[in-house]
Amino acid sequence: MLTRRLLLTMRSQLVAAGGEQAWSPALARTLWLPAAGAGPTSRPPQPRAGAGDWNEVLAETVKVLRCGRVVAVPTDTIYGITCLAQNSEAIRKIYEIKGRNEEKPLAICVGNVEDIYKYCKVTVSDQVLRDLLPGPVTLVFERAEELNKDLNPFTDLVGVRIPKHPFIQELAQRCGEPLALTSANRSSQASTLTTEEFRDLWPLLGLIVDGGCIGNMMKPECRLGSTVVGLSTPGKYSIIRSGCAFDATVEILQEKHGLSLQS
């Protein structure tokens, strides 16, 4: 089976006890993944290398995140940049890196469906969550008190994701708290399917995890990102962004679970 390389590129790292420490990029560490696509209906890549290699990449990424840095990661749709959602300073860095409007919200990523209940006021059945997640869908609920108030302080709502990608799922699980997640690109620019496409962000990141090309670069629909669904009103749904999984999402919500489109 064809394989792709998961490349861990170190840029710089905060030292918890002593502030920021600059150091030269380390030699690339690699983890091989099957060359499966990452679209809504395809099988996500699975770890192929030895457990030690996979765990080493995860452990290093967790360490950098806990130092307050921003990390680039592959997801099931496009490349993203992420930080610990409970770290207010790291959230500020994401906005600076992207040049993002501070009134434009960030989504959170968690590792398990059970975690959604900690940070969101869920209005749908557990089965709805499990029919949609993991997958290329962002569900928008009213936020719970547990979530950092500095994350999207201008709204009571928050989008939550569990990407169908084993690396970021396990990363969120190991961190033990939600990740703030957004696309790896400057605001207003196209979303990215390879790490080369956001090369201009590299010097600003603590770490880059490269899982190869996500999707087909020749197909514009591969850059649509997740489908974003509003679920803050019981029994209703709204489409905030059509994204890459619109038809399948509407079928699950409307046909299978009987939710109605909010006018």
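Author: Let us begin with a term: buried means under 20% relative accessible area, exposed means over 50%, and partly exposed lies in between, using a 1.4 Å probe and protein chains only. This is a predicted model in which local features need pLDDT of at least 70 and side-chain atom pairs count only at pLDDT 80 or more, while totals for chains, interfaces and linings use all residues. Residues are numbered from 1 along each chain as its sequence is written, and side-chain values use heavy atoms, leaving out hydrogens and water.

Reader: Which residues of β12 are buried on each side?

Author: Helices (H or I, at least four residues) and strands (E, at least two) are DSSP runs numbered from the N terminus. Strand β12 is covered on both faces. One side holds Leu207 and Val209, and the other holds Ile208 and Asp210.

Reader: Which residue of β12 is the bridge partner of Val71?

Author: Two strands pair if DSSP finds at least two bridges between them. Strand β5, residues 71-74, is joined to β12 by two bridges, and the strands run parallel. Within β12, the partner of Val71 is Leu207.

Reader: What does Leu151 touch?

Author: Contact means heavy atoms within 4.5 Å. Leaving aside residues up to four places away in sequence, Leu151 touches Ala85, Ile91, Leu106, Ile108, Arg143, Val158 and Ala180.

Reader: Is Asn152 buried or exposed?

Author: Asn152 lies in the loop between β9 and β10. Its phi is positive, about 55°, although Asn152 is not a glycine. With a relative accessibility of 1%, Asn152 counts as buried.

Reader: And Ser188, buried or exposed?

Author: Ser188 sits in the loop between β11 (179-183) and β12 (207-210). Phi of Ser188 is also positive, near 80°, in a residue other than glycine. Its relative accessible area is 80%, so Ser188 is exposed.

Reader: Which residues does the cis peptide bond join?

Author: Look at the loop between α4 and β9, where Pro134 lies. With omega at about 0°, the cis bond joins Leu133 and Pro134.
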